[in-house]
Structures are given as structure tokens and as C-alpha cells.
Amino acid sequence: MAKHRGFNADRFLDKFQRFEQLLRDFVRLWEGRVDLEPATLDVPAMKRWLVEGTGQAKDELVEALYQVYDLCTARGHEDLIAAIAEEPSYAPDPDGRLPVECLALKVRTEREDVFFLAYDRYSLWRAERFSIYKGFAPRPIRDLRAAARSFQEKLAAVFKDHKHSDRVLLRWYEEGSYVNFIVYHEKRTRATLVFRGSKGRLKVEPHIYRPARQDFISYNAETGQVEIEAGYESEEAKLRRCFAEACLGEAEFFEHPEAAQRLWLGVLAEPYFEPVCPEAVRASLVELQFALAQSHGPVFTVRSKDVLRTLELNGLRRKLVPELITRAAFKITFPDDRRGKRVEISGPNKVKFNRTTHAEEVFALLADWGILVDEQVAVESCAVSSEPVPVADHPAGGNGRFSHLAASGTGTLRRPR
């Protein structure tokens, strides 16, 4: 799951110097349930209250502050502006003078629906580990509102049996051909206050984590593909089946044998394989897990700055068996990211990487290398072929929100054996 952002309350609240009225309006949402006086509230008083204050709604208020802080990034600001743009009659900052911290708090105070649309988009974008499935054929969701209600009811029933709790909240929004669902469930977390500095100059850093466990489902009606991030494998299966039954009218929509055949690591065993990249982008295979077709079934995990070269030096590359490669990790370095992005691939349909930047380019590279494939090239049904397939014509699946497969058109792909 995506990592949480620590909350630097002092730095955050300092942004409200000269904008104290926004803090006062925000605190009025909890008036009478916390020991704060909105009319005279200023930034130092708010900081003192975080350390010493009380009230039955303190956790709730601080949790809302954390959610506001969560959107105070470049990507969060983009999502906030996009959500505001969908409400032409609402203009919280017509002159564009508010810092993102102040704008996010103002929207949270005035239009909770707009704020949470932005928050859901931001949360979904930060999700890292997805499983990809493709249905029998593209199928639209009929009557989305009714389908979402049915989906939530089915999840509540399943989780009550599975986890003895039917506390489930489903939120959703549309984006192009995608319908994105965010599922909140399990117990809410409490605020934790971490104190810094000397006794005379205490600073407080409230750490609020997501208000509930979040799972994500993103469905593309044009391709029939669904992408799911869930905390546990068993819950992923329940989410997938409940979604298919409630929204597509068929619980088995993603259960056919080829549905999960989205990724093919066997291409790494080909002697020609190299992770070729566009100019100024670099990529290398940094980890590979594989077995050898020998008695006793030996399994190896090789980690190196260049695994392919390491395997060659040790005479192992020619011994790779496509079907026995189980996991791989690439390090991809973009011009604006010197540290590089780690992209982990395991099994036929699981990808993990931080999607906050360069998501489109990563999926395009995976398609270009022949790792991201269509069900027409499913592992168990492909015949041996040495005929190259032009990248530009390769039928790579998953075009959309998380699978932008605009291949560069350079190089060739070969169908897996």
C-alpha cells in the first residue's frame, strides 16, 4: 500500500499567517466539540491546542487536518484544481493567490464533496501494487450509481462474514473511460501526537494515517480490464468477484484462465533481450528470481546493478527457462529522477511501483520490452514463433489510467514460447 506522509504541523500551520480566517472557518465545523474559540483563533493558538487541547472531536479535527496536508504536494494540488474545475459555480480562489495549504483547507471547509473527489484521485494515484485482470470482452457499467450501491452492499455482506465487520464505505468517480472505486473498511486509526524540541519550545507533529484501510479498483469499460490493489490476496478475490457481479452482472467475468495472463517474464530468457530505452532514459534489470530445470528444483535470486551481465559472466543466462522465471525488478532512471524508479513484476499480473511520476512511460517500456502483453499472447496458449512483431502493431492490453501503452514504435517483440 502507498506510504503515509508524516505531518509537519508547525510548517503546515505557518502557511496560515495572514489567512487565519480560513483556520477559524475550518474549526467552526467542530464548534462545541473541541475547546477552541474560533473567533480569536490564530496560528500560535492552534499550535498550542494541538499539544494541549482536548475535546470529543479532537481526533476527528486533526484527522481532517492531516487529509488537507496530504493534498499539499504538486500532484495533490493538480487533483484539487481538477476537482474544483468540475464545479463551474464554485471558485474558492478566483485570483489564484492562496498557497495550496490554504486552498485545500478552504475547500475542505466549504465543499467537502469537492475536497474528497480530489483526495480520492490523489490516493488512487499513489497506490503502488496492482493486480491486472481482463474480462471476456469490454462491457460498460449500466446505471453506475445503482451498481455502486449494489457493490457496497455486497462488500458489506462479504466482509461481515470474512472479518465480522460490515463497516464499508465505497466512493467512486469517472475519469475518461475509467471508473475508479475507493473502498474504505476496517477500524479507523487514532491520532498520534509526536513531540519534538525542548520542554520550553515544544513542537508537535501529529501523525494521522488513512482513516480506514483503502483498496482500489479501476475499471476500463473500453478494454474490459480491471486493476485492483488490495491488502490481502483473499480480499482481492472477493473485491474482484463482488465488483464483477454488482457492476457487470456476472461474478465470473474475470475468472476465466486467461484473465490474469497480463505479464510475461519469459521474454527475459531470450538471448536478444535488452531493456532498450529512449534517449536520456536508462533501465537495467536489478533483481531476478528463477528456478532451473534440474532435480531438486533449485531456486535462485540474483541481485546486481546489471543482472543480465552478471548471469552472462556466470554462465547462467543461457540456462534460464521462460516458464521458471517468477519475479523481476527493473531500475528505470528518468532525466528528472536521478535516484531511479524500482519496478517490480511478479507472476502473470502483478506490478508494483510508485505511480506518482512517469506511470505512462513505465507501462510503455514494459510493452516495448514484450513484458506487458495481451491475452492473445497468453502464456499457456502461445505457440512457438520466431516471427518478430512490430512494437507499434503489438496488441498490448490495458490502455488507460494505469496502463498507458503508447509504445515508442522502436524495436521488436517476439511472442513468448
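How are helix 5 and helix 6 oriented to each other? Helix 5 and helix 6 are oblique to each other, a word used for angles that are not under 35 degrees (roughly parallel), over 145 (roughly antiparallel) or 65 to 115 (roughly perpendicular). The model is predicted: local features need pLDDT of at least 70 and side-chain atom pairs count only at pLDDT 80 or more, while totals for chains, interfaces and linings use all residues. Residues are numbered from 1 along each chain as its sequence is written, and side-chain values use heavy atoms, with hydrogens and water left out.

**The chain as a whole**

- The protein chain has eleven helices and 14 strands; helices (H or I, at least four residues) and strands (E, at least two) are DSSP runs, numbered from the N terminus.
- Of the 417 residues in the protein chain, 51% are buried. Buried means under 20% relative accessible area, exposed means over 50%, and partly exposed is in between (1.4 Å probe, protein chains only).
- Among contacts between residues at least 6 apart in sequence, 66% join residues at least 24 apart. A contact means heavy atoms within 4.5 Å.

**Helix pairs**

- Two packed helices are described by the angle between their axes and the distance between the axes. Axes are lines fitted to C-alpha atoms, for helices over the stretch in contact, and angles run from 0 to 180 degrees between N-to-C directions.
- Helix 5 and helix 6 pack at an angle of about 40°, and their axes are 11 Å apart.
- The crossing of helix 5 and helix 6 is left-handed: the near helix is turned anticlockwise from the far one by less than a right angle, whereas clockwise would be right-handed.
- On the helix 5 side, His-77, Leu-80, Ile-81 and Ile-84 meet Val-100, Leu-103, Ala-104 and Val-107 of helix 6.
- Helix 3 and helix 4 pack at about 125°, with axes 11 Å apart. That angle makes helix 3 oblique to helix 4.
- The crossing of helix 3 and helix 4 is also left-handed. Met-46, Trp-49, Leu-50 and Val-51 of helix 3 make the contact with Lys-58, Leu-61, Val-62 and Leu-65 of helix 4.

- Helix 4 covers residues 58–70, which is 13 residues, and reaches 18 Å from its first C-alpha to its last. This is close to the 18 Å expected at 1.5 Å a residue, where the expected span is 1.5 Å times one less than the number of residues.
- Eleven of the 13 residues of helix 4 are buried, so helix 4 is largely enclosed by the rest of the structure. The buried ones include Lys-58, Glu-63, Gln-67 and Asp-70.
- Arg-108 is in helix 6 (residues 100–110) and is buried, with a relative accessible area of 9%.
- Leaving aside neighbours within four places in sequence, Arg-108 is in contact with residues including Ala-64, Gln-67 and Val-68, and also with Phe-26, Leu-29, Trp-30, Phe-115 and Phe-116.

**Nonpolar cores**

- A nonpolar core is a set of buried Ala, Val, Leu, Ile, Met, Phe, Trp, Tyr and Cys residues joined through side-chain atoms within 4.5 Å.
- The largest nonpolar core has 54 residues, of which Phe-12, Met-46 and Leu-65 touch the most other members.
- Elements that give two or more residues to this core include helix 1 (9–14), helix 2 (20–27), helix 7 (112–126) and strand 3 (178–185). Helix 7 gives the most, with eight residues.
- Not counting residues up to four places away in sequence, Met-46 touches Leu-13, Leu-23, Val-27, Leu-36, Leu-41, Leu-61 and Leu-65.
- Another core, of 39 residues, lies apart from the largest one; among its members are Phe-273, Phe-330, Phe-334 and Phe-353.

**Residues in loops and a strand**

- Most residues other than glycine have a negative phi. Arg-18, by contrast, has a positive phi, near 80°.
- Arg-18 lies in the loop between helix 1 and helix 2 and counts as exposed at 69% relative accessibility.
- Ala-280 also has a positive phi near 80°, and its place is in the loop between helix 9 (233–248) and strand 8 (282–291).
- Pro-140 is in the loop between strand 1 (129–134) and helix 8 (144–163) and counts as partly exposed at 37% relative accessibility.
- Pro-140 and Leu-248 are 108 residues apart along the chain, with 7.3 Å between their C-alpha atoms.
- Phe-300 is in strand 9 (residues 299–303) and is partly exposed at 33% relative accessibility.
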